[in-house]
Amino acid sequence: MAEEHGARAMFVAGGTDLFPKLKRRQFEVETLIGLDFLPRVIRNGSTECAIDAGVTLATAAHDSHLQAGFTGYAQAAGLVSSPPLRNAGTIGGNLCVDTRCNYYDMTYEWRKAAGFCIKKDGDICLVAPSSPRCWAVSSSDTAPMAIALDGVVGLAGPEGDRELPVSALYRDDGIEYMAKRPAEVLTGLRLRKSANTRSAYVKLRRRGSIDFPIAGAAVAMELDGESVIGCRIVLSAVASYPLEAAAAEKFLKGKRLDQETIREAAELAAKPAKPLDNADLSHFWRKRMVRVVVEQAIQRVSDQRAGFGG
Amino acid sequence: MKVVGKPLAKVDAAAKVTGRAIYADDMLPARTLHCRILRSPHPHARIVSIDTSAARRIPGVVAVITGSDLPVKFGILPVTQDERALEHEKVRYVGDPIAAVAATEEEIAAAACDAIAVEYEVLEPVMSIEAALAIPKDERIQDYGGPNNIHKFVSLEFGDVDGGFARADNVREDVFFFQGNTHLPMEQHSAVATYIDGRVTLWSSTQVVHYVHRALAKVLELPMNRIRVIGAAHGGGFGGKTDPFAHEIIVAKLAMLTGRPVKCTLTREEVFYAHRGRHPVLMWIKTGVTADGRISAMHFRSALDGGAYGSYGVASTFYTGALQTVTYDIPAYRFEGCRVFTNKPPCGPKRGHGTPQPRFALELHLEKLAHDLGLDPVELKRRNFVKPNTRTVNWLRVTSCGLEECTDRVIKASAFHQRKRFFGRGMGFAISSYLSGAGTAIYWNDMPHSEVQIKVDRGGVTAFCGAMDIGQGSDSVLATIVAEELGLQPADIRLVTADTDTTPIDLGSYSSRVTFMAGNAALEAARKMRALLVEAVAAKTGAEASAIDVSEARVGDCSFEEASVLAEARFGTLTTAGSYTPPKIAGPYKGSGVGPSPAYSYSACVVDLDADARTGLIHVNKIWIAHDVGRAINPLLVEGQVEGSVYMGLGEALMEEQVFRKGLHKWPSMLEYKSPTFLDMPEVETFIVETNDPEGPYGAKEAGQGPLLPVPPALCSAVYDALGVWIDEIPVSPEKVTEALRRKEKGEPPRYGPPRFPSIPYPEAIKVQPPPKDFDAAAATI
Amino acid sequence: MKNEITRDVERVVLALDVNGEARQLLVAVHKTLLEVLREDLQLTGTKHGCELGECGTCTVLIDGRPELSCLSLPIQLQGRAITTVEGMASGSELHPLQTAFAELGAAQCGYCTPGILLSARALLEENARPSRDEIREALAGNLCRCTGYTKILQAIELAAERMR
Ligand SMILES: Cc1cc2nc3c(=O)[nH]c(=O)nc-3n(C[C@H](O)[C@H](O)[C@H](O)COP(=O)(O)OP(=O)(O)OC[C@H]3O[C@@H](n4cnc5c(N)ncnc54)[C@H](O)[C@@H]3O)c2cc1C
Ligand code: SF4
Ligand code: FES
Ligand code: FES
């Protein structure tokens, strides 16, 4: 059906990202395809958990199995926007949420006054006018965590069903930010971990609620006692896609988690982050905060290991 | 007192908790047309042509109007009639209204706006105070004021300022900046108009039905008796709905043209353009103190970024210099103020109108002075507190004053002087004062500022008053006062308010004037009614009038209903009226009309917070606030006003800012303009201090604005207490804190704030003799 | 940018369960629940402050859970129970939350009140003894500009106590 309608059709799950954008005329569609028919079940296992795309963020955040075994993911889902929005917004929609930019997430009238940009209706980028591409920011809270927890999404499309690691779902581009085909429906997410994996998500935003992340760190770590066997660190809101901090991951492997190591890892993780001036607060400050959120997230993982809860 | 002083539910509480209260946007009379307004996409441009023909052809479009349909200028102040409902010559900010469409559906109206072709000649925008002081590249924004884009100068000097500085043992200068912010009422502005039998009726979410009435009459060129303005249930104003607005005039005009009801509800984005919010103000302050910590002289300069139009700006400018003297005894005082035009939505009166900015500067400046002198800041401030029943050097009459008690309360409750000192944790203290209603009207006249009529009819009591309840509870205050005097309960009083056809005048809900002024008017009307009832009962029962008790729904031996029947039989229709005119207490100088108030409220506040040196993020743990309200007619409402003011003050101190980028409002949305959520609000402990003002109704003064003022400076001094850095600029965002800490580390001054105050060609100060000592006592004996 | 005007808007017949009443109506497909409630059903108790999901003023309950009516399409809500502030009271008897809000002055201008009442009701139905922090969490999507939240917290606690 999506294919028949082409570019003028879009899927809608909870609608919490889509409807504001339709109202601001950031998208113009002729047909909305409701995804209410998709199942909404969480299937838990000890090292794997399958979540249907239609599960709401609130359900995911409150699921006790997710909280215990995939802590960071439940945290991330529970930190999206505000309670009423989480009751409608889905985890599938959250993985597909549009990239953001404060020159773009504005009404039609405002954008008309500012001059349209390449992401919609225009031909230059207002943040980086000399750049040929769009730098809108990946702002999903759960996507980095899904990558850190080795997530795989199920896609169903006119050409059949397939699976794709979440890490391959995104592209480094503010406009074509997803690697899936437009007509493909995301049917579910499988998170995977080992018995000793701990995870945490730390989100930075101005207020305690409602706001999108202006920086965030998703950390999942497999631990053997004190030392790190494997680890994934993925940053939110500092690039057009969830940014994996490979250097920090490599550095941590085999190390014991002490203060000094955590600090150094955070330093390394923050290096590739290049926030631009298109989200709340100054990008200089945001850049400096990346280190802090990574450190906090690793610290939380480390605390969980010591049984401090998480 | 039977009902005054009791924590009773508001009279409109049931309507509000059931969703029954009808706000302007809730109205949808049959055949209503929807109106949308085309606004300027340019901050500064001349309009070359407007072509509405394509818009008119769209099916569903019923009328399209432009500036030539509404050419008459208006404005809230008589001296700055500089606005048009629709501009057809020149636009002065992004959002300036140009054309309006009435259509059968809102979407059609929006599409029609988009189809209007406007040709502009774009002009260089002026976006900052500095730019406004300089010679304009293209042309000035307004054609009055000057030089350059300066709108207004004020220059006053009271007492011997140079002598005062010469006498000082210690002199300090500081520069501060208070960023602009907006009211952000939850309700978007909305207005509905009808035109029936040659009469316009307008329902609007306004704080000032009377001023809207006047503006409509002027612009529509109709006599006032052909226009009726009704205040709909109000979804929050905070000063943001205190001007007559373009959309109110536009719907009235469109109703006249189409003969159908027309409604306009602003989008949230448009609410940011309607604005009239807090002026960004740059301030310079210099104070001399003697060795014993007494202020000997003060010199205060302000530069206000006014936006594109006058609005209340002239008054705002005076206010930045008026109330410094109402908290501190300053023997010699020079004030130089200046407001400039910029290509931004006009600023105006937000909660505390023009006084939170100088209060922020003054309190922090004194804090720094205390540190210079090695004195406890609380002690330094205390030594300079004004005393009750005095006149300030700028002729403001202070009557009741609870500063000492407010200070005691918060200092004790917070254990301020016993606080544990460690890096990252801090407490800060500040005080403030605000008016209980401006002593002079917005346009010059000798009539009362508030009037109340009471009708009693077979036991039923109705009170009529033009006052507009904007959520602060003014209806409840009226009902409480009338009920108290007539021995009834507030719920027994029927109210008709804010309707220019049926209620006598009240100037509106601004400058915290309603409780004081409408309250006094209600008191007078109710006392007259009570006298009639008592006299009738006395005549019937033979009891002595003075012995007749009016309470518990009884008048002496009669029930209230019996008494009203007796009185009506004796006197005919039972109506009484009361009115309130403020005393003439302004000083003998030009500009003395801004600042005088029949009474001042006082507040003191302590903020306790954690500040993270690494991130600059601040977590407020608790706020203590004490407020001298004179007398709490309803303590619930007073606490609500105080808590709400603290909330708004905290929002301004930490996150709210109206900022611009490339000529545009940077973020006209509720997501990006940050308003604190439930999770951002600390616990607030409120103390009501009662000083029983001699002229307030039952001793009452204001509560709705004053308690906002001490919050930003108290927060900044707590940040200094915690981290040892001064943030001399509001809001205190984390990036400013980390920057100040970086400077401190590098050995630079540990401060974030404006580096200097610009050179402004203030005119020579008008020298005003301070009032003689014991001026009011002397006047009283005459 | 060409502007399109949808003259022949697609309309659908909807069957909605609003406050326990079965309602059938013909509306344009793209209308939000907020618009349908206010304009087609005259249930104007539900307010709006942004219509973009940013303020919580338009909160209603869908199957007992708070959701934002400005971001919901009625066509997706058929067969689900919609509760608005008009459905809070039973007959002429106010819900304990409504009474507590009135008594404690938790509604000033009252504009945020319907949404907050509904969020609070959903909370109390799940958790009869919420701590103050739990109340803050549950209401964190509802902004109020008047009260500073203190009286609202007190009123919810009072109602919770009375409902136990
Ligand atoms: C005020 C506000 C604050 C917000 N704050 C946050 C925040 O802090 N963090 C955050 O991450 N998000 C935030 N959001 C964005 C959004 O609400 C959430 O990301 C939410 O999870 C989106 O889910 P949804 O089901 O509502 O998606 P929808 O709006 O229905 O869809 C979003 C996008 O995904 C596509 N889509 C949805 N489901 C599928 C599917 N199964 N298969 C293929 N494509 C699909 C849609 O076509 C659309 O492009 C906020 C939104 C608002 C309005
Ligand atoms: S990054 Fe540039 S192109 Fe992309 S949305 Fe922002 S302004 Fe537009
Ligand atoms: S109206 Fe603001 S969230 Fe719906
Ligand atoms: S009571 Fe006015 S916004 Fe909450």
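**Close-up views of a predicted model**

**View 1. An open sheet of 5 strands in chain C.** In chain C, 5 strands make up an open sheet with mixed pairing, and their order across the sheet is E2-E1-E5-E3-E4. As in every view described here, the structure shown is a predicted model. The edges of the sheet are taken by strand E2 (21-28) and strand E4 (65-68) of chain C, and because each of them has a single partner strand, one side of each is left without a neighbour in the sheet. When direction is ignored, neighbouring strands of this sheet are turned against each other by 45° on average.

**View 2. Strand pairing and helix packing on the chain C sheet.** Strand E3 (residues 59-62) of chain C runs antiparallel to E4(C), and 4 bridges join the two. To follow this pairing at the level of residues, the reader may look for C:Val60, whose bridge partner in E4(C) is C:Glu67. Helix H1 (residues 33-40) of chain C packs on the sheet, where it touches strand E1 (11-18), E2, E3 and strand E5 (81-83) of chain C, and the direction of this helix makes about 105° with that of E2(C). Helix H3 (residues 113-126) of chain C also packs on the sheet, touching E3, E4 and E5 of chain C, and its direction makes about 35° with that of E3(C).

**View 3. The surroundings of ligand 1.** Which residues come nearest to ligand 1? Of the 37 residues around this ligand, the nearest are A:Phe11, A:Ala13, A:Gly14, A:Thr16 and A:Thr90. The site is shared between chains, because residues from chains A and C surround ligand 1. By class, the shell consists of 19 nonpolar, 11 polar and 7 charged residues.

**View 4. Polar side-chain atoms beside ligand 1.** In the case of A:Asp141, a polar side-chain atom lies 2.7 Å from a nitrogen atom of ligand 1. Of the 950 Å² of accessible area that ligand 1 has on its own, the protein covers 97%. The elements of chain A that give two or more residues to the shell around ligand 1 are strand E1 (9-12), helix H2 (18-23), helix H7 (91-96) and strand E7 (185-192).

View 5. Around ligand 2 stand residues of chain A, among them the cysteines A:Cys101, A:Cys117, A:Cys125 and A:Cys134. The residues around this ligand also include A:Tyr103, A:Tyr104, A:Lys119 and A:Trp135. By class, the shell around ligand 2 holds 11 nonpolar residues, no polar residues and 1 charged residue.

**View 6. Strand E5 of chain A and its partners.** Strand E5 (residues 152-157) of chain A is joined by 6 bridges to strand E6 (residues 160-165) of chain A, and the two run antiparallel. Within this pair, A:Val152 has A:Pro165 in E6(A) as its bridge partner. E5(A) and E6(A) form a hairpin, with 2 residues between them. E5(A) is also joined to E7(A), by 5 bridges in an antiparallel arrangement, and here A:Val153 stands opposite A:Leu189.

**View 7. Antiparallel and parallel pairing of strand E8 in chain B.** Strand E8 (residues 170-178) of chain B runs antiparallel to strand E13 (residues 281-289) of chain B, with 9 bridges joining them, and B:Arg172 stands opposite B:Thr287 in E13(B). With strand E32 (residues 729-730) of chain B, in contrast, E8(B) runs parallel and is joined by 2 bridges; the bridge partner of B:Phe178 in E32(B) is B:Ile730.

**View 8. An open sheet of 4 strands in chain B.** This open sheet of chain B has 4 strands in the order E21-E20-E19-E25, and the pairing is mixed. Strand E21 (493-497) and strand E25 (574-580) of chain B stand at the edges with a single partner strand each, so one side of each is left without a neighbour in the sheet. From one strand to the next, the twist averages 20°. Strand E19 (residues 450-457) of chain B is joined to E25(B) by 7 bridges, and these strands run antiparallel.

Notes: Residues are numbered from 1 along each chain as its sequence is written. Chains are lettered from A and ligands numbered from 1 in the order in which they are written. This is a predicted model: local features need pLDDT of at least 70, side-chain atom pairs count only at pLDDT 80 or more; totals for chains, interfaces and linings use all residues. Side-chain values use heavy atoms; hydrogens and water are left out. Two strands pair if DSSP finds at least two bridges between them. Axes are lines fitted to C-alpha atoms, for helices over the stretch in contact, and angles run from 0 to 180 degrees between N-to-C directions. Contact means heavy atoms within 4.5 Å. A residue is near a molecule or strand if one of its heavy atoms lies within 4 Å of it. Ala, Val, Leu, Ile, Met, Phe, Trp, Tyr, Cys and Pro count as nonpolar, Asp, Glu, Lys and Arg as charged, and the others, Gly among them, as polar. A polar contact is a pair of N or O atoms within 3.5 Å; within protein, one must be able to donate a hydrogen and the other to accept it, and residues adjacent in sequence count only if both atoms are side-chain atoms. Accessible areas come from the Shrake-Rupley method with a 1.4 Å probe; for residues, only the protein chains shown count as cover.
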